[in-house]
Amino acid sequence: MSHEPHAWYLAALRIAIIAGVFSALVAALLAANGLRSLRVSALLDGEITTMKAELRKTPDDAALKERLRQVDLQYRAEFFRRRAVAQYGAFLLLGGLALFLLAAKFAKQYRFRAPRPEGEVPDQRPIAARGRYAVALAGVMFAGVLAGFAVVARQEISAEYPVTVAAVSPSLQGNNPPPDNGTTGQSPVNAASTAVNLTLTGQPTNGTAQQPADGQTPTLDGTPPPAVDAAKQWPVFRGVGGNGVARGADYPSSWDGAKGTNILWKTGVPLPGENSPVVWGDAVFLAGADEHQREVYCFDANTGKLRWKQPVTDLSCADKSPLEVMEDTGYTAPTMATDGAHVAVMFANGDLACFDFTGKRLWAKNMGKPDNMYGHATSLTVHKNRLILQFDQGSSAEDDKSALLALDMATGRQAWRTRRELPASWSTPIVIRAGGREELITCGNPWVIAYNPENGKELWRAEVLGGDVAPSPVFAGGLVFAVNSGSNLAAIRPGGNGDVTKTHVAWTFTEDLPDIVSPLSNGEIVLTAYTYGTLTCVDAKTGKLLWSQDFDADFKSSPTLVGDRIYLLDAKGVMHIFAAGRAYKELGKAALGEPAHASPAFVDGRIYIRGKHNLYCIGKKG
Amino acid sequence: MKRLHALYYWLLLILPSLVLGEERFPPPEFETDYSQPLAQHPAARAEWLSYLDIAVLAAALALAGYLSLRRRSRRGLFALAAFSIAYFGFFRQGCACPVGSIQNVALSVGRPEYALPIVVAAFFLLPLVAALFVGRAFCAGVCPLGAAQDVVLLKPLKVPAWLEHALGVLPYIYLGAAMLFAATGSAFLICQYDPFISLYRMSGTPLLLGITAGMLAIGTVVGRPYCRFLCPYGVLLRWLAPLARWRVSIAPRECVQCHLCKDSCPFGAIRTPTLAENPGGRREGKSRLALYLLLLPVLLAAGGALGYLGGAALSGQHATVRQANRVWLEAHGKVEGTTLESEAFYRHGQPQEDLLLAASAIRRQFNLGGLLLGAWIGLVIGLKLVFLAIRRRRTDYQADPAACLACGRCYRFCPEEHAPAGVLEKIG
């Protein structure tokens, strides 16, 4: 019998060897390709990231841009080249391995050896015994692994997580990202313990906490520094509650800016702005800006002296294109907001900053350049220790850019953010209390939407508005009044859920509606002022027209209720004072002596008016 | 008038396309004459192809049963394995797969809002139903994972029995862990660590590629290492295959006790005859069995307790728990900066307490799941010990119906296979 290997066997063996060596080589080359690809990608990616960071600092560096393009192209070319190599190599490797296996199996056939069973049947008992020991050992090892997991589980941070809502500690409430650039790095735990706890009610509280009753706007309770009656301050646009209702009495009904009659002081404001003054204690805050500068001012309410001014100019914004705003809106239309310990400001370019009363900047961030054809004008407001920002943008709801945000006043950390499917608007939200709960009322096109101010969750909405919504809502007599030119003046009962258009809209009125000026109500009447001089007064409960009065004046500023009188400033700086009644009755006029668009602030018998160039404090002399 | 109508209809045609063509992110204005290509979206796979996959699987199972039990053709099974590699492996890229479908089933149990697709349900059930008739025909030549291992096996080495018993516990543990992670919506472990997916998709992370290469390399000398020591679906097949209507028999007719098939199975699936037991040994065996039976509930309880305590450690695999951990660390200043995930969370506006409460709830799910997994491991270890303590009387070499992969390799070792019926009797 011949012991020479079969020819087919030799051929198959040789093919297997060649295919095996070929496959090994291809595999090695693929591995090298993969390693090199990882290394080069990391290098180029790091270089690109560095250059992008440099470009953000120097956006006009043309040479840097060109270098970035070149490196980016190199990165992509390298990536696709190595990927092509990997793809072709994979096919070659697969082919080589398939050929190797086929040849090897073919060769193996010729090496098949008949079985030669040797010896007796082995005793299975020791084999089974060894098997039992091995299984037992495996069991012990897995028990050890589980025990290790048990130790790890106890040390994991998730072991400290609250199990029930009641167990959530205050420091973990809200949505608080870590500090951004320009913050003081205050931790949420510290912030929660030191932040001023604020609620808003309609009753004077002398700094003490009080549970507000239904139907009243929430109150402002302040803790240190000054012991002021929070309810009588003017902390946000149109005062406490945003309703344009002045507290206190004895406000002057006549003055003359040119002659100085009843002008306690008058101070120049360095930079222009359309924002209204906010007042807390003996501090009056304004913001000013032009194309290049943005500043915050604090004036002494007693003397008009500028206590401090702080710039807000070092915040980065991804969009470096020039900011275009309407002349009427300007670069700082949003009114500031204060909680008695902090004061926040927002500018048309999206810069948002917060200071303490000494002028120290606590935090600042850029919210992104607003996509707003007239320029961002929605004022800030405050709820408890949070800053509320209605940031509506875009030309249609489909742009999906609008949002309502709540930020921690002390740290700037976001507590919550709620998307709004609405285009840009210029209305300022208010917080009310109704039906045993607080509601954050917002206006937009076409919805008036109420949210829970604690978490931003939507409560109800009513489709009553349209167009470019600028007037802010007010709450009086248990009704929310919202208005915009070309749509409705609507009275809505709060406290609903979901779409309440058909169930909670008490009445609507459609004549001579304003497009800028916010309405005013004392619960009996609702007053609106059309930009070009028409005042309209309707019954608050029924919406029936009571009276209408034409003025030879333009109105940009919103009216204020002072007792049984209404103060309305026209664009030339003339204050029209008339009765808050069911018939028009003029009570007086007072001229500032310069144009004025901002809404005045009424605090403690003084009226603070921002004219085009100066800030005035008006009060009874002597 | 006709022209006006034509213009009207043209506008009706053009305007919608202009609206649809409006780009959400307008391209930059290129300074060269480069024109941006239109974005194209691949069409979804036709639904009828899914039903074709089910039909092919059913046909392949039937053919595997026929080839392994009726024709007893090793070559036929090899060809079927090659087809499975090509169709279920490279063409379908290893998905859907009965092995991974366990997780889909577990997820549908754990999360009622998840709807189990018909294709996945069919892929899960068909091999199990086939096992009730023809044993592990799925493993014989249909499973692409098994087929790949079968094809690369060149020089099988015998795995020591004690090691085989110890490693035999792994598929059960893998099954339990995979179901726990799937039911809690954390991860599809079987798919994530499929050692052959990078082969069939011809790409993968360095880790997966390494696992594939390693598994195939081991598979050249160790018969079907994944099938025997890891495959969780094999656990289910092991339970059903002994109930099969028709089973693999090494001898086509009667075993003539020639012992030629003793070492024919590269997968250790042949049970050998046993020796007679002496009375003393029998008593000792009974005592041992009684001890293991008493130990069974203890192992169950101990495993359950350890699993309950340790289960929460596994919860970190869940995306919500990972996110909560990161947000918590950032909130407490224990890490610097943010990650993409934490930034996305902050932008989403969800309150932290909601996230932490959700993570707590998932942790509790893992506590319960860990208890079940631990008890399961205890049960498996205990039953393994019990089965190893049970003495069985066998006189012939038999294919273990639970472990036999119906590959047909043992057939040619049997002289009865090569002799026509009756010839051996005449010779004898």
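**View 1. Helices α2(B) and α3(B) meet in a left-handed crossing.** The model shown here is predicted. Helix α2 covers residues 47–70 of chain B, and helix α3 covers residues 74–91 of chain B. Their axes come within 10 Å and cross at roughly 165 degrees. An angle over 145 degrees counts as roughly antiparallel, and α2(B) and α3(B) are therefore roughly antiparallel to each other. On the α2(B) side, the residues in contact include Leu52(B), Val56(B), Leu63(B) and Leu67(B). On the α3(B) side, they include Leu77(B), Leu80(B), Phe83(B) and Phe88(B). By class, this contact of α2(B) with α3(B) has 12 nonpolar, 2 polar and 1 charged residues.

**View 2. Helices α4(B) and α9(B) pack at an angle of about 45 degrees.** The axes of α4 (residues 98–110) and α9 (residues 170–183) of chain B lie 7 Å apart. The angle makes α4(B) oblique to α9(B). The crossing of these two helices is right-handed. Helix α4(B) contributes Ile102(B), Gln103(B), Ala106(B), Leu107(B) and Gly110(B) to the contact. Facing them from α9(B) are Leu175(B), Ala178(B), Met179(B), Ala182(B) and Ala183(B). Sorted by class, the contact of α4(B) with α9(B) has 8 nonpolar, 2 polar and no charged residues.

**View 3. Chain A and chain B are in contact with each other.** The contact involves 60 residues of chain A and 76 residues of chain B. About 5600 Å² is buried between the two chains, and carbon and sulfur atoms give 69% of that area. Across this interface the rule finds 0 salt bridges.

Key:
Residues are numbered from 1 along each chain as its sequence is written. Chains are lettered from A and ligands numbered from 1 in the order in which they are written. This is a predicted model: local features need pLDDT of at least 70, side-chain atom pairs count only at pLDDT 80 or more; totals for chains, interfaces and linings use all residues. Side-chain values use heavy atoms; hydrogens and water are left out. Axes are lines fitted to C-alpha atoms, for helices over the stretch in contact, and angles run from 0 to 180 degrees between N-to-C directions. Helices (H or I, at least four residues) and strands (E, at least two) are DSSP runs, numbered from the N terminus. Angles under 35 degrees count as roughly parallel, over 145 as roughly antiparallel, 65 to 115 as roughly perpendicular and the rest as oblique. A crossing is left-handed if the near helix is turned anticlockwise from the far one by less than a right angle, and right-handed if clockwise. Contact means heavy atoms within 4.5 Å. Ala, Val, Leu, Ile, Met, Phe, Trp, Tyr, Cys and Pro count as nonpolar, Asp, Glu, Lys and Arg as charged, and the others, Gly among them, as polar. Buried area is the accessible area (1.4 Å probe) that two parts lose on being put together, summed over both. A salt bridge is a side-chain nitrogen of Lys or Arg within 4 Å of a carboxyl oxygen of Asp or Glu.
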